[in-house]
Amino acid sequence: YLMISAYNGNYPGQSIDKAIQIAKETLVKYSNVNPERLVVIQSVLAYAYQNKKDYDNALIEYNKVLKDYANITKVAPLFGAQAAIGDIYKIQRKYVEANTAWMTAVQTYVWELGAKDESGAVWATFNKISPKQITTEAYKAFLENTIRATAATEDNARFLGKLKSEIEKLK
């Protein structure tokens, strides 16, 4: 709580740097705690670096989230880390890498997270993808693989329709 409060500036004299320090100390001190809890701290650390515009360290920390917590059951932090990597690459004008990160996020986590509505994380990340930045073949393969990775449920019907519509545009 203190780390997040410091990050949000709720304590006079506290800053993003203080949040980073607290997060690092917490990760070391509680390394044996349930990974479902630690992933949140690791994610906040990465996000703090990102907001500080320290993109190299943010990428390191987001990749730690993906590597060190790959086996957690609640995948939202993993999706968030993968999508944030894409956001950082976009800021760095590495558009191919950004699109690759966003496509990986959508395709990897759509089954667990679903794509119920357009305001959700999966839709928002999908809408960041720019087909102009990747080959038509790569985009088509992504769309086809994402269709296979998306549960065929009523909640996901509009998203699946969007994917199929995108494939039709490529013909």
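**Helices, core and loops**

Me: The crossing of α3 and α5 is described as left-handed. What makes a crossing left-handed?

Reply: The near helix must be turned anticlockwise from the far one by less than a right angle (clockwise would be right-handed). The crossing of α3 and α5 gets the left-handed label, so here the turn is anticlockwise. Bear in mind that this is a predicted model, in which local features need pLDDT of at least 70 and side-chain atom pairs need 80 or more, while totals for chains, interfaces and linings use all residues. Residues are numbered from 1 along each chain as its sequence is written, and side-chain values use heavy atoms, without hydrogens or water.

Me: Why are α3 and α5 called roughly parallel?

Reply: Their axes cross at roughly 15° and come within 10 Å. The axes are lines fitted to C-alpha atoms (for helices, over the stretch in contact), and angles run from 0 to 180 degrees between N-to-C directions. Angles under 35 degrees count as roughly parallel, over 145 as roughly antiparallel, 65 to 115 as roughly perpendicular and the rest as oblique. The angle for α3 and α5 falls under 35 degrees, so the pair is roughly parallel.

Me: Which residues meet there?

Reply: Val-39, Ser-43 and Gln-50 of α3 meet Pro-77, Ala-84, Asp-87 and Ile-88 of α5, where contact means heavy atoms within 4.5 Å. By class there are four nonpolar, two polar and one charged. Nonpolar covers Ala, Val, Leu, Ile, Met, Phe, Trp, Tyr, Cys and Pro, charged covers Asp, Glu, Lys and Arg, and the others, Gly among them, are polar.

Me: How do you know that α3 is roughly antiparallel to α4?

Reply: Helix α3 (residues 35-51) packs against helix α4 (residues 55-68) at about 160°, with the axes 7 Å apart. That angle is over 145, so α3 is roughly antiparallel to α4. The contact of α3 with α4 brings together nine nonpolar, four polar and two charged residues.

Me: What makes α2 roughly antiparallel to α3?

Reply: The axes of α2 and α3 cross at roughly 150° and come within 9 Å. Again the angle is over 145, so α2 is roughly antiparallel to α3. The crossing is left-handed, and its contact holds nine nonpolar, three polar and one charged residues.

Me: How many helices does the protein chain have?

Reply: The protein chain has nine helices and zero strands. Helices are DSSP runs of H or I with at least four residues, strands are runs of E with at least two, and both are numbered from the N terminus.

Me: Why does Gln-42 count as buried?

Reply: Buried means under 20% relative accessible area, exposed means over 50%, and partly exposed lies in between (1.4 Å probe, protein chains only). Gln-42 has 5%, under 20%, so it counts as buried. Gln-42 sits in helix α3 and, neighbours within four places in sequence aside, touches Leu-27, Glu-61, Lys-64, Val-65 and Tyr-69.

Me: What makes Lys-53 and Arg-93 exposed?

Reply: Lys-53 has a relative accessible area of 61% and Arg-93 has 65%. Both values are over 50%, so both residues are exposed. Lys-53 lies in the loop between α3 and α4, and Arg-93 in the loop between α5 and α6. Most residues other than glycine have a negative phi, yet phi is positive here, near 70° for Lys-53 and near 65° for Arg-93.

Me: Which residues touch the most other members of the largest nonpolar core?

Reply: Tyr-62, Leu-78, Phe-126, Phe-142 and Phe-159 do, in a core of 48 residues. Such a core is a set of buried Ala, Val, Leu, Ile, Met, Phe, Trp, Tyr and Cys residues joined through side-chain atoms within 4.5 Å. Helix α6 gives the most to this core, with eight residues. Phe-159 itself is in contact with residues including Val-106, Val-110, Trp-123 and Phe-126.
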